[in-house]
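Student: I would like to learn how to read a few features of a model, one at a time. Could we go through them together?

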Amino acid sequence: MIKIGSSPKGYTQEADKALTPQETVEKVTGALNQHGQAILKKIKRIDTGRLGIPVYFSYYGVRARDMGVPKRQQMGKGVSPAQAQCSALMELIERYSFFSFVSSDENFIRLSWKKARSRWGDQLIPTAEIIKSVQEDISRQQAEEVLDLIQWRFTPALNVYEARQEYVPLDWFKKLSEFNGSSAGNTLEESILQGACELVERHVSAIVDKEHLQIPTINQESIKSPVLRDLLDRFSRHNIKVWLKDMSLGYPVPTVGALAYDPGTFPGLSEIVFTAGTATSPEMAAIRALTEVAQLAGDFHTGSNYEASGLPKFTTLKETGWLTRGPVTDISSLPDISRPDMGRELMELSRGLKLMGYSLYSVSTMHPDLEIPANYSFVPGFLFRERTPRASIGMFAGRILAEEEDPIAAAGKLEQLKKIYPDASFLPFYQGMNLLRQEEHQQAAKYFARAESLQPDSESRGLSAFYSAYALSGLHRWPETIEHLNRAIELDPLVKEYFNLRGVAYFKQKDYEHAIDDFQKALQLDSGSVMDMFNLAVCYKELGRRNAAAEMLQKVLTIDPGLEKARRFLEEMEN
C-alpha cells in the first residue's frame, strides 16, 4: 500500500516542488532517454515570446501513441523556460503512465460487485461512495443491482485521510472523469497533491460555471509576491486586461480564476480566455492561473483557438458580464494551507475535504520503466464541467455496457437496466450505440431518433441527432445524414465532430465548397485537428487549388510528421 510521508519543498519560487525545475528536467529526460524516442519524441517551445511566458510542447513517441493517449503532444507552461519544460514533460509522464496502467490487465482483478464484496468485505470502496460520485437518489440495493451487471476492473487505492487501502472499480471513475486527476511529481506526495488540487479546481469551476456565481474580484494592489506581480506586468505592458477572481467557494485550498483579453487584437487575432488555478497558497494558485492563460491564449496575437475544458469559452465580452461583477477582496483573504512540507499539505487538504463530507482516493500509476511517481486520484461527489448534469449509476453503467460489453450480452443487460430505469432517456441512446457495434445501422438510427425525442436539453438532443446521422452514414445515405447534422449543429453549434461529419457528407456528394466551409468551421473549434486540415487539402485538390492543398498538407505534416497518408498525398501532388 502506498503511504503518505514527508516531502520537504526544495523549490518555492514559481511552484512548490521537491526539486528545482532544472533538476526535474534532468531527472525526467534521463529516464525518458533510456527509451530513445519511444516515449518522448521531442520537446519544443511554441510561444512567440510576446508575453515572455514560455509554453512548450512535449511530443509523444510511437510507444506512447500506441497506448491510446488521445493527443500527440502535451503542453506545459511556466514563468521560466525551465519550469515550462518541466511542466510539459510531467504532463507527458502523467498521461503516459496513466494510459499504460489502465491498458494492462495485470493491474486489475475482474469481478462483479457482489463477488468483490464477498472477497474484500469492508476493504471494498463503500457503495455509498459510488452513489455519491453521481449524486443520485437511489437505494444501496438498487445501486448494487446495477453495478452487478458489469465485471469491474478493481485495483487498490489509498483512502488518503483514512490512510487505508480500499479496492475501487477504476473503470467507473475513469468513465466519470476521464483522465482528470492524473498527475506526476518528483515525489509521491507532490504527485498526489498536484492531482488533488486539479480535482478541486475542476469541481469549483463546474459550480461557478453552472450557477454563474457572483464571486469576489481580487484586488491586484494587494498582491505582494514579486513573481506574481511580474507576471501581471507581462500582461499589462501589452494592455491586456486581466481579472483575478476568488473561486475558492469555502474549499480547503484556494482557487483563483483568471479572465483575460487583449482589446487591441480581439476578436481578429485573439480570444477571451477564462481559466483557473488551484494550489495550497493564493499566490501559487494565481501564478498557475496566469501561466495557464498564456498557454491557452497563443500570446493574444496569433489567431489560435483553444479548446475549452474546465471552464466555458466566451466569444463576446457581453457574455463575461456576470463574471466581472462581484465584491472586491484582498488576496490574503483566500484560504492558505501552505507548509514547508508537501506531505503535511496533502494531509491538511484531505482532512479539510473530509470535514466537508468528501474522501480523497489515489491509485499509484507509476510506470515501472520510468520510476517517476504518478497517480490517478478522485473524489467521489466532485463535479466535472463536461459531465452531464443528469448523471446516474444507470447512465454510466449503460454506457459501459454499450461500449465495452459483448454486444449480444449487452443487449440483455440493457433490458435488465430498463427494469430499474423504465423511463430513462439514456436507454434508447445506448441501445442504438450497441446496435452500431453490430453494424445494424438502420435499427440504430431508429433508436437514436427515439432517444432524441426523449432528451431534456439541446446538447443531448444534438448528440442523438448526430448519431442518427452517423448511423445513416454507414448506409451511405448522405443527403439524410446532412438533414440530421443540420439539426445537431443548430442544437449545439460548438461540437467540431458535427461539422466534420457534415463536411464528409458534402464531400461524398462532391459538394466541395460546402465541405470546405464545414472543415474550416471544425478548425475554428479545434485549430489543431489534423484530420480536418487533411480533409481541406483533399477538397482543395478536387477543386484544382493545388497550391492551397499543398500548403495545408505541409501544415498537417508540421503538426504530425508521422501521418503517412498526408505525406503520400503531398508526394503524389508534387510528382
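Student: How far apart do the end C-alpha atoms of residues 496-529 lie, and what percentage of the span is helix?

Tutor: Please note that this is a predicted model, in which local features need pLDDT of at least 70, side-chain atom pairs count only at pLDDT 80 or more, and totals for chains, interfaces and linings use all residues. Residues are numbered from 1 along each chain as its sequence is written, and side-chain values use heavy atoms, with hydrogens and water left out. Helices (H or I, at least four residues) and strands (E, at least two) are DSSP runs, numbered from the N terminus. For residues 496-529 the end C-alpha atoms are 9 Å apart, and the span is 79% helix and 0% strand. The span 530-563 likewise has its end C-alpha atoms 9 Å apart, with 79% helix and 0% strand.

Student: Which peptide bond is cis, and where is proline 267 placed?

Tutor: As a general idea, most residues other than glycine have a negative phi, and most peptide bonds are trans. Here the bond from phenylalanine 266 to proline 267 is cis, with omega near 5°, and proline 267 sits in the loop between β10 (255-261) and β11 (273-278).

Student: What is the phi of phenylalanine 300, and is this residue buried or exposed?

Tutor: Phenylalanine 300 has a positive phi of about 60° although it is not a glycine, and it lies in the loop between α10 (282-297) and α11 (321-324). Buried means under 20% relative accessible area, exposed over 50%, and partly exposed in between (1.4 Å probe, protein chains only); phenylalanine 300, at 0% relative accessibility, counts as buried.
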